[in-house]
Amino acid sequence: MELTEHRPVAPRMLLARRIERWFVLERPVFIPAGCRFWTERDALVVEHPTGERRRYAGFVCR
């Protein structure tokens with residue numbers, strides 16, 4: 001998955017295993033349609049339209 005925006009919105013349900021080429025999730029994560037997502041240090045953050053945020057562990061692979 002390649003990010004072209006800073007905090008993109010998922011156009012449909014996505015199954016993510018890695019973000020771009022450098023951030024690897026500890027386990028696959030479903031990102032629901034309409035949610036924004038981005039990485040912060042050691043986690044993928046998924047923000048729902050309601051404002052609720054969930055964090056999923058991962059690591060930088062350089």
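**Exercise 1. Find the partner of Glu52 and say how exposed the two residues are.**

Step 1: Glu52 pairs with Arg54 in a salt bridge, and their closest N and O atoms are 3.0 Å apart. A salt bridge here is a side-chain nitrogen of Lys or Arg within 4 Å of a carboxyl oxygen of Asp or Glu.

Step 2: Glu52 has 38% relative accessibility, so it counts as partly exposed. Arg54, at 40%, counts as partly exposed too. The cut-offs: buried is under 20% relative accessible area, exposed is over 50%, and partly exposed is in between (1.4 Å probe, protein chains only).

A quick note before you go on: this is a predicted model, where local features need pLDDT of at least 70 and side-chain atom pairs count only at pLDDT 80 or more, while totals for chains, interfaces and linings use all residues. Residues are numbered from 1 along each chain as its sequence is written, and side-chain values use heavy atoms, with hydrogens and water left out.

**Exercise 2. Work out which residue meets Glu47 in a salt bridge, and whether Glu47 is buried or exposed.**

Step 1: Look at Arg53: its side chain meets that of Glu47, at 2.9 Å from N to O.

Step 2: Glu47 has 18% relative accessibility, so it is buried. Arg53, at 49%, is partly exposed.

**Exercise 3. Trace the salt bridge of Arg55 and the network around it.**

Step 1: Arg55 bridges to Glu40, with the closest N and O atoms 2.9 Å apart. This pair links distant parts of the chain, 15 residues apart: Arg55 sits in strand β5 (residues 53-60) and Glu40 in strand β3 (residues 36-40). Strands are DSSP runs (E, at least two residues), numbered from the N terminus.

Step 2: Glu40 is partly exposed, at 30% relative accessible area.

Step 3: In total, the structure holds 4 salt bridges.

**Exercise 4. Describe the surroundings of Ile31.**

Step 1: Find Ile31 in strand β2 (residues 23-31). At 0% relative accessibility, Ile31 counts as buried.

Step 2: Leaving out residues up to four places away in sequence, Ile31 touches Ala10, Arg12, Met13, Leu14, Ala16, Phe37, Leu44 and Val46. Touching means contact, with heavy atoms within 4.5 Å.

Step 3: Now try His48: Ile31 and His48 are 17 residues apart in sequence and 9.3 Å apart in space, C-alpha to C-alpha.

Methods. Helix = DSSP H or I, 4+ residues; strand = E, 2+ residues; numbered from the N terminus.
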